[in-house]
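Subject: The structure I promised

Hi,

Here is the structure we talked about, so please open it next to this email. My notes on it follow below.

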2 protein chains.
Amino acid sequence: MKRSNRLVALTNFFIDHPKVHMQLSSFTNQYGASKSSISEDLDIIDKMLKHEGVGYLRRVPGATGGVMYIPYLSQDNCASIIRTLCEDLEDPSRLLPGGYIYMGDILGDPMMVREIGRIFATAFSALKIDVVMTIETKGIPLAYAVANHLNVPVVIVRRDPKIVEGSSVSINYVSASSRKIQTMVLTKQSLQEGANVCIIDDFMKAGGTINGMKSLLAECKANVQAIGVLAEVDDEDDDRIVDDYTSLVKIANIDRTQKHVEVSKGNIETK
Amino acid sequence: MKRSNRLVALTNFFIDHPKVHMQLSSFTNQYGASKSSISEDLDIIDKMLKHEGVGYLRRVPGATGGVMYIPYLSQDNCASIIRTLCEDLEDPSRLLPGGYIYMGDILGDPMMVREIGRIFATAFSALKIDVVMTIETKGIPLAYAVANHLNVPVVIVRRDPKIVEGSSVSINYVSASSRKIQTMVLTKQSLQEGANVCIIDDFMKAGGTINGMKSLLAECKANVQAIGVLAEVDDEDDDRIVDDYTSLVKIANIDRTQKHVEVSKGNIETK
């Protein structure tokens, strides 16, 4: 197969299989090319993925070595997506009762959701993560987007114990913003002891729900490696009970009577 | 920029932007190449995507023309994924009370979910679809996977009217398998009148939930263009009330005492 053809096939493969470890020999067989030809292909692909600011190929030399595609957005790309989000969320028609912001259109846009997932995957790329966890319902697409780029499974915490399959572990927690006692429950077989977990959610006010998920993970003897929220609300009335999180945007000074809201970059590190 | 570099950049772009219409001029500017060079690049990419059985480039000639990547799995690829699913689901340890099958691990695997989404996107590729709709919770990742490949938004029907944002439309329906009256509700601003909708869900027994979504769409004056379910259960006790659906696998002869279940290809057309 010609180099030009191989480059298309290999690029397609890597973009479609993030964080999958591949032996070079599997490519030499499939495309009938020498190891040195494939190696040159990988150099070109690596250079261009970096140039486009979407990721890179991690090479491991030696007989047991291989190659893996790591999605990794450039700082410029991250910053530009977050700027778009901020501008979009400052629209006053998004204001909802109770200090919430309508984000249904953003969370319903698969391409935007994928980009958000890629930002979190980039931010957490140095961490060992075995599984992404979220709570139903709105965080689910974000959790899958992150998991897609990290190539790990998703577990979903349910709010209704009646509908959970098989044996389960559940906790009661106080929602810090509503001051109500709520329940969250997880199917036991969905999470292994000692698993390294990344918690993803769409929205955080005081952090009661996130804190509940942390308690649930402690109950399951799993480790919280990272917490990512799309939007945090900076509300003086609520005492934040979670502090070890990464947020993409921060919503502040919500004023429903004046139809005004300020949205700025969250605590994620970008240029 | 050299052809080899352009091929990587362009392939990455198309895989990441399915069903996005692009003018050739945007590529000529970005990569400093002539229209005829870009056109030759596209020929190579189109040929190789077809060769890999994952999709093709749709070209529209002329001044207003352009190019669009259409994800389209080959029949062989579809059949092979469905075979894997069938074998996996026949594991008797998946049997749950009430004629259900545990699918949490499959629905929690982002790579498998993406493949399932691509099969539905392939099956429905000739249809005009504006939006993918599902009901919380388990169908959500599948709906996003389909929507990703079709480049359309997702709307999620909720089961609890209390948590729906803004004004909403709701219906009561009878779950044909449980014979209970249930409610489903949709935020009004999430769906436009006349929208062409693809319904996606993970599981269908008699079809009461799917039928409920059809009623909800009729209420919203939207059109049902396609219905896709991952698994249908062939149960003699239930009268099927939905017949215009596409299923990937069919589950039959569930016998919990004998720990036995049969899983075969659904009604989707493949070789």
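Have a look at B:K221, which comes after α8(B): its phi is positive, near 55 degrees. Bear in mind that this value, like everything else here, comes from a predicted model.

Now step back into helix α8 of chain B itself, which covers residues 208-219. Several residues of α8(B) are buried, namely B:G208, B:T209, B:I210, B:G212, B:M213, B:K214 and B:L216. What do they pack against? The partners of the buried residues of α8(B) are strands of chain B: β5 (131-135), β6 (154-157), β7 (168-175), β8 (180-187), β9 (196-204) and β10 (223-234).

On to the nonpolar cores. The largest one has 153 residues, and the ones with the most contacts inside it are A:V132, A:V146, B:V132 and B:V146. As background, nonpolar side chains tend to be buried together in soluble globular proteins.

Next, the two chains together.

How many residues of chain A are in contact with chain B? There are 41, and they touch 41 residues of chain B. On the chain A side, the elements giving two or more residues are α1 (3-16), α3 (35-52), α6 (110-123), α7 (140-150) and β6 (154-157). The largest share comes from α1(A), with ten residues. Sorted by class, that side of chain A has 22 nonpolar, twelve polar and seven charged residues. And 100% of the interface residues of chain A are also interface residues in chain B, so the copies meet through the same surface.

Last, the domains. Chain A splits into domain 1 (3-71) and domain 2 (75-265), and the centres of these two domains of chain A are 33 Å apart, taken over C-alpha atoms. Six residues of domain 1 of chain A are in contact with eight of domain 2 of chain A. The domain 1 side of that contact has four nonpolar, one polar and one charged residues.

Cheers

How values were computed:
Residues are numbered from 1 along each chain as its sequence is written. Chains are lettered from A and ligands numbered from 1 in the order in which they are written. This is a predicted model: local features need pLDDT of at least 70, side-chain atom pairs count only at pLDDT 80 or more; totals for chains, interfaces and linings use all residues. Domain bounds come from an automatic or database domain assignment. Two residues are in contact if their C-beta atoms, placed from the backbone, lie within 7 Å. Ala, Val, Leu, Ile, Met, Phe, Trp, Tyr, Cys and Pro count as nonpolar, Asp, Glu, Lys and Arg as charged, and the others, Gly among them, as polar. Helices (H or I, at least four residues) and strands (E, at least two) are DSSP runs, numbered from the N terminus. The expected span of a helix is 1.5 Å times one less than its number of residues. A residue is buried if 20 or more other C-beta atoms lie within 10 Å of its own, exposed if 12 or fewer, and partly exposed in between; C-beta atoms are placed from the backbone. A nonpolar core is a set of buried Ala, Val, Leu, Ile, Met, Phe, Trp, Tyr and Cys residues joined through C-beta atoms within 7 Å.
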